[in-house]
Amino acid sequence: MTAPAPTLSEVLSRPDVWRGSSFARITAEPSGHAELDRKLPGGGWPVGALTELFPEAQGIGEMQLVLPWIARLTQAGGRVAMVDPPHLPFAPALAQSGVVLSRLLLVRPQSEDGGLWATEQILRAGPCGAVLAWPGRLGQVELKRFQLAAEAGKTTALMFREPAAAAEFSPAALRLKLAARPGGLRVDIFKCRGGTPAAVDVLLPALAANG
Amino acid sequence: MLWLCLHLPQFAIEALGEQGPDHVVTGRRGARRWVIAGAVDRIAPGTDWGTVQTLHPDIRAAERRPRAEREAMAALAAWAYRYGSELVWEITESELDYGLPCALLWVDIGSSLKLFGGLDALLADFDAGFADSGHVGQRGVAPTLEAAAVLARLGLSRPICDVTELPAVLDSLPLAALPLAPKVQDALKAVGLSTVGELLALPAAPLAKRHGPAFTLYLDRLLGRRPDVRPRYRLPPKYQRRFDLLGEVEHSEGLLFPLQRMTRELGHFLKARDTGLQAFRLTLNHGRASGGKPQPDTVLDLRLASPARDAERLLRVLRERLGRLPLPAPVRSLKLAAEQFIEPPTGQGDLFDSHAGDDEAWGQLVEKLIARLGADAVTALGLIADHRPERSWRLRACDAPPPSPSAAPSLAELPPRPIWLIDPPKPLPTAPARIAGFERLEGGWWDGDDIQRDYYRSEVQGSGLWVYRDRRSEAWFLHGVWA
C-alpha cells in the first residue's frame with residue numbers, strides 16, 4: 001500500500017520546508033505559562049523537536065516550568081517518560097501537580113549509555129508525547145540523533161543539562177537558560193528555531209506559595 | 001475433501017536442527033547400519049554405513065531421534081494449519097533392511113480454497129511458505145490421502161481435484177509407486193504386472209484372497225471407494241521445541257539465526273492455536289565441559305508487556321536480552337518453551353480513535369526497554385495512603401494494570417510536597433539556615449517504622465530544599481528538593 005501523494009499545502013506546512021516570505025509554522029504545545037508561550041514560536045514547547053533547558057542550579061523551579069504541561073498531557077491520555085532523573089520523582093508531589101501517574105514511565109538505567117539508548121528509543125518509537133531526560137555529557141552526535149529521533153517519533157523532547165553545556169553548539173530547536181528569581185524563574189530564550197531570542201520572567205505560583 | 005500431502009525425504013536430518021553438508025543420519029537394525037538422510041549429493045540414501053566410511057572418511061553420522069522428529073513435525077503442522085484445520089501426519093518405518101523412513105504430512109485444503117482465492121493461489125502461497133520453512137520436500141494434491149501421498153512421493157505436483165480423474169493418472173504409474181510390502185510387490189511382478197493400471201483392472205475378490213483384505217482396502221482407499229478415517233492431529237496444549245546447533249556457539253550473536261527460525265515456528269504455533277503468550281523460556285544447553293562434567297543450563301525467563309503472537313516481537317525481546325548476556329560457556333543446543341497462553345487483545349479500535357495503534361507501540365517500547373535495561377530500571381510510580389514520605393510512594397511494574405482511581409489516596413489535605421525525593425534521607429552536618437514552612441510528621445509505631453520529624457523548607461544558593469530534624473536524635477536530614 002502506498003501513501004497518497006501529499007498536497008501542496010501539506011508540504012508547505014512541514015516544519016522542515018522553509019519559505020522566504022515567512023517562517024515555517026511550528027507545531028507546539030502550550031507550556032501553561034502565558035508569558036512564556038507568548039515568546040515561544042508556535043506558542044509553547046515545540047513538538048517533534050529537541051528543547052534544551054539549562055537551569056543554573058538544581059532545584060530552582062525548573063520542574064515547575066514543565067509540570068503544568070506534563071499534567072495537561074497525561075490528563076488528556078498522553079504518555080510521558082522521565083529518563084534518568086537526578087533524584088527519585090516524588091509520587092505525591094507529581095499527583096498534587098495534576099500528573100496522572102499511570103501515564104508516567106520512569107526509566108532509571110544503571111549506566112549513562114543505557115540512558116542515552118533509552119532516550120533515543122522512546123523518542124523514536126513515538127507513543128510518548130513527551131520525554132524528559134537528564135543526560136550526562138552529550139556530544140554533537142548524540143544531540144543530532146535525539147533531534148532526528150524526536151522528529152521521527154513526533155515527540156517533544158526536553159533535556160535538562162548542565163549550564164556549562166549552553167556554550168556548545170547544538171542542533172536543538174529551542175534552548176533556554178533558567179535563572180532563579182524571587183517567586184519564579186528568568187527564562188533566557190537564547191536560541192529558538194522560527195522565532196527571535198528573548199528573555200522573560202515567569203512567575204511560578206507553586207514556588208511563591210511555599211517560599 | 002482435497003488433501004495436500006507433503007513428502008519430506010530428508011526429514012530425519014532436518015529434524016536434528018542445523019546440520020552441515022557432511023552430516024548424515026543412519027538407521028540401525030541389529031548389526032546393520034545404513035544412511036537414511038543427509039549429504040544427498042554424495043551418498044544415496046540406503047547406502048551401507050561401512051561402505052560410506054570407506055569411500056568418504058569425512059562423513060559424520062548421527063542416530064535418528066524420534067522425539068526431535070515429532071517436535072519438528074508438530075512445528076511444521078502448526079504452520080500448515082493455516083491451510084486447513086484437518087491435519088494428519090505419519091512417520092513410517094519401512095520393514096526392510098536399508099529401508100528409509102517416510103515422513104508425510106497431509107492437510108485438507110478443500111475448505112480453504114475460497115479463503116485463498118482459488119487452488120492456484122493457495123498452492124503458490126503454500127510453496128512460498130514451505131520454501132521458508134527450512135525443509136525440502138514435494139507435494140501432491142488429490143482427493144484421497146493415499147493418492148496424495150503417491151503423487152507427493154513421485155513429485156507429481158499437478159493437482160487432481162476429482163476422484164473420477166484419479167484412475168487416469170494412476171494407471172500409467174509403475175507398480176513401485178505404491179507403498180506395498182516387498183513381498184506383495186514381488187508377487188505382483190511375478191504374475192506379470194508392471195503398472196498400477198494393470199493391477200486396478202484385476203477383480204478385487206481374488207486379489208483379497210491372495211494378498212489379504214488389507215491390500216484391497218488400500219486400493220479402495222487409494223481410489224476413494226472406501227472412507228479413509230485416521231486420527232486427526234491436534235496441536236499440543238504446551239509448546240516445547242529443541243534445536244541443536246551445528247557446533248558450539250560462543251557469542252550470543254551466533255544464536256540469533258537459529259532463534260529467528262525458532263520464533264517463527266512459535267509464531268506459527270500461536271497463530272494456529274489462535275492465542276498469544278506473555279511469558280516464555282529459553283534454555284541454553286552448554287553440553288559437557290572439557291572435564292566431562294555436565295554444565296548447568298542457562299535459563300532465560302522472558303516476559304512481554306502484553307500478550308503477543310508476532311514472531312518479530314518475540315525475536316526482538318530475545319535479541320535485547322541476549323545482547324546483554326555474557327555466555328558462561330559455549331552453547332550446544334537451544335530449547336524454547338511456553339506453557340501459559342493468553343489471547344492477545346484484538347485490534348478492534350474505536351472508529352474515531354486516533355490513539356488506536358498507540359497502546360501496541362507503547363507495549364512494544366516498554367518491552368524493548370525492559371529487555372535491555374532490566375525490569376527494575378523501567379517502572380511506573382504509584383501512591384500509597386501513608387503520611388510518612390518514604391512510604392507514600394512505590395514503584396510499580398509498567399505492565400501491571402493501573403490502580404482504580406478510587407483506590408488512590410486523597411492528597412487534598414496534604415501540604416505541598418517537593419518534586420524530588422532524596423531516598424534515603426541524607427544527613428546534614430549542620431542545621432540549615434533560612435528555614436520556613438513548618439510541618440510535623442509523626443507516627444508509624446504500628447509497623448515498627450516510627451518517625452518523629454519536623455519538616456522545613458530551606459534554601460541554599462537558590463535551590464529549594466526539603467529538610468527535617470529528627471526529634472529524637474536532633475540531627476538534620478535532607479529529604480527532598482523543590483524543583
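This is a predicted model: local features need pLDDT of at least 70, side-chain atom pairs count only at pLDDT 80 or more; totals for chains, interfaces and linings use all residues.
Residues are numbered from 1 along each chain as its sequence is written, with chains lettered from A and ligands numbered from 1 in the order written.

Here are the two helix pairs, with axes fitted to C-alpha atoms over the stretch in contact and angles running from 0 to 180 degrees between N-to-C directions. Helices are DSSP runs of H or I with at least four residues, and strands are E runs of at least two, numbered from the N terminus.

| Pair | Axes come within | Crossing angle |
|---|---|---|
| α3(B) (residues 66–80) and α12(B) | 8 Å | roughly 55° |
| α12(B) (residues 256–273) and α13(B) (residues 311–323) | 8 Å | roughly 140° |

In the α3(B) pair, B:Ala75, B:Ala78 and B:Trp79 meet B:Glu265, B:His268, B:Phe269 and B:Ala272 of α12(B) (contact means C-beta atoms, placed from the backbone, within 7 Å). On the α13(B) side, the contact residues include B:Leu259 and B:Thr263 of α12(B), plus B:Leu314 and B:Leu318 of α13(B).

Over in chain A, β10(A) (residues 184–192) and β11(A) (residues 198–203) run antiparallel, joined by six bridges (strands pair with at least two DSSP bridges). A:Ile189 has A:Ala198 as its bridge partner. Five residues separate the strands of this hairpin, and A:Gly194 in the turn has a positive phi of about 80°.

Definitions and conventions. Two residues are in contact if their C-beta atoms, placed from the backbone, lie within 7 Å.
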